[in-house]
Amino acid sequence: MNINATLIGQTIMFALFVWFCMKFVWPPIMAALDARNKRIADGLAAAERGKNDLALAAKRSAELLREAKEKVSEIIALGDKRASEIVEEAKAQAKIESDRIITAAKAEVEQEVFRAKEQLRTQVSAIALAGAGKILGREIDAKAHNDLLDKLVAEI
Amino acid sequence: MSTEGLTTSAYIKHHLQNLTCSIQEGHFHCAHTAEEAKAMGFWAFNVDTLLVSLLLGLVFLFLFNRVAKHISADVPSGMQNFVEWVVEFIDSSVRGSFTGRSALVAPLALSIFAWIFLMNLMDLVPIDYISLITQPMGIGHFKLVPTTDPNATIGMAIGVFLLVLFYSIKVKGLGGFVGELTLQPFGKFGLPVNLFLEGVNLIAKPVSLALRLFGNMYAGEMIFILIALMGASWVSFSFASTLLFSSQIILSLGWAIFHILIVTLQAFIFMTLTIVYLDMAHQEHH
């Protein structure tokens with residue numbers, strides 16, 4: 001337990017160790033730790049940014065969805081409207097067509113009636129002539145009484 | 001272990017004796033007794049202290065330097081993890097106690113902590129084991145724990161003291177430093193008193209650093225020696241001897257476990273006080 005020159009040796013050794021540590025040990029370790037700190041901070045910031053982006057995207061997608069739904073219902077309403085319009089149009093056209101058919105049918109019927117009447121009239125006049133001939137007992141000159149017959153036919 | 005004819009006091013003395021060597025008349029010569037070591041005077045070296053502390057310092061620097069060379073900012077593993085843990089611990093201690101900015105203080109604190117920790121840790125090597133190696137080599141004394149040698153602790157304290165002086169003068173200027181020593185706390189008319197008080201204050205720093213560490217480790221070592229003596233007093237398979245022997249095992253285990261705390265604590269205290277002293281040296285008024 002004597003104080004001797006070991007003291008000086010220890011002091012020199014101490015100084016050398018500290019110098020070495022200060023030169024070759026501490027700075028690279030500290031640099032790496034700082035780099036990692038920065039990387040972690042960056043990562044956290046990126047994560048935060050990502051989270052914000054995600055929230056924004058979710059908001060945006062919800063908005064898009066809502067818009068799309070609106071548009072869809074709009075389109076459906078429009079389609080409904082158009083469908084009823086088409087139905088209306090078809091109805092109108094059908095009405096016109098049916099009216100046309102009815103009119104044509106009526107005209108035809110009238111024609112038929114007219115033709116039947118004519119026929120009937122002719123036949124009635126023939127019957128009348130035949131009847132008159134029989135009654136009179138002689139032949140009537142068709143030509144001579146044509147005017148009379150036509151008058152009759154017109155009356156019928 | 002005690003051999004025939006070795007007394008208790010001789011056993012204790014043996015364990016407290018450094019391997020002191022000097023060059024006498026051109027020959028490298030090592031002291032065999034405490035008296036001989038004393039007679040060598042100042043220009044002798046405690047070879048064991050120098051050797052062990054040098055080895056431990058190199059172990060520390062080698063390990064840390066190896067990690068520092070291959071360090072990356074990626075996910076750390078194994079040794080790098082451990083080194084980073086130590087470095088961050090030191091860094092936060094320095095940040096907590098040292099208010100200025102200095103490239104020296106943190107690595108200084110790391111060196112102090114690691115070196116003292118390793119030197120103190122040698123205390124946990126069973127005290128008689130080292131002589132199993134050194135005795136056959138013809139080395140009579142070998143103290144494995146450098147911090148139980150006041151030369152080692154005072155040597156470090158001198159290093160710290162020189163740094164305190166250097167930074168005091170660098171930060172405050174020579175005039176400021178001298179002024180701090182002489183002009184407070186009682187003004188210029190109380191100059192001798194001031195010088196005395198501040199001088200004591202200044203000298204107390206290295207002295208407290210050195211003696212606290214030395215005292216703690218020396219006392220710890222002494223207790224290990226005393227515990228080892230219990231088993232060394234073995235005579236026969238008597239009740240007393242068996243009791244003493246088993247007590248040694250239990251006590252040395254207990255003391256070793258407690259010493260793990262002291263080893264770390266003393267290294268930490270030396271480091272923290274160094275940081276605080278350097279912090280004071282950097283400040284204008286303290």
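How many residues does the contact take from chain B and from chain A? The contact takes 54 residues from chain B and 29 from chain A, where contact means heavy atoms within 4.5 Å. The model is predicted: local features need pLDDT of at least 70, side-chain atom pairs count only at pLDDT 80 or more, and totals for chains, interfaces and linings use all residues. Residues are numbered from 1 along each chain as its sequence is written, chains are lettered from A and ligands numbered from 1 in the order in which they are written, and side-chain values use heavy atoms, without hydrogens or water.

Together, chain B and chain A bury about 3700 Å². Carbon and sulfur atoms account for 74% of this area. Buried area is the accessible area (1.4 Å probe) that two parts lose on being put together, summed over both.

Helix α1 of chain A spans residues 6-136. Helices (H or I, at least four residues) are DSSP runs, numbered from the N terminus. α1(A) packs against helix α3 (residues 47-70) of chain B at an angle of about 5 degrees, with the axes 9 Å apart. Axes are lines fitted to C-alpha atoms, for helices over the stretch in contact, and angles run from 0 to 180 degrees between N-to-C directions. The two helices are therefore roughly parallel. Angles under 35 degrees count as roughly parallel, over 145 as roughly antiparallel, 65 to 115 as roughly perpendicular and the rest as oblique. On α1(A), the contacting residues include F17(A), F20(A) and F24(A); on α3(B), they include L54(B), L61(B) and F64(B). By class, this contact has 15 nonpolar, seven polar and no charged residues. Ala, Val, Leu, Ile, Met, Phe, Trp, Tyr, Cys and Pro count as nonpolar, Asp, Glu, Lys and Arg as charged, and the others, Gly among them, as polar.

α1(A) also meets helix α5 (residues 105-121) of chain B. Here the axes come within 9 Å and cross at roughly 120 degrees. This pair is therefore oblique. Among the residues in contact are M13(A), F14(A) and W26(A) from α1(A), with P107(B), I112(B) and W115(B) from α5(B). The residues divide into 14 nonpolar, two polar and no charged.

Two salt bridges link chain B and chain A. A salt bridge is a side-chain nitrogen of Lys or Arg within 4 Å of a carboxyl oxygen of Asp or Glu. R39(A) pairs with D74(B), with the closest N and O atoms 2.7 Å apart. Over all chains the count is 12 salt bridges. Within α1 of chain A, K38(A) and D42(A) lie four residues apart, about one turn of the helix. Their side chains form a salt bridge at 3.1 Å, N to O.
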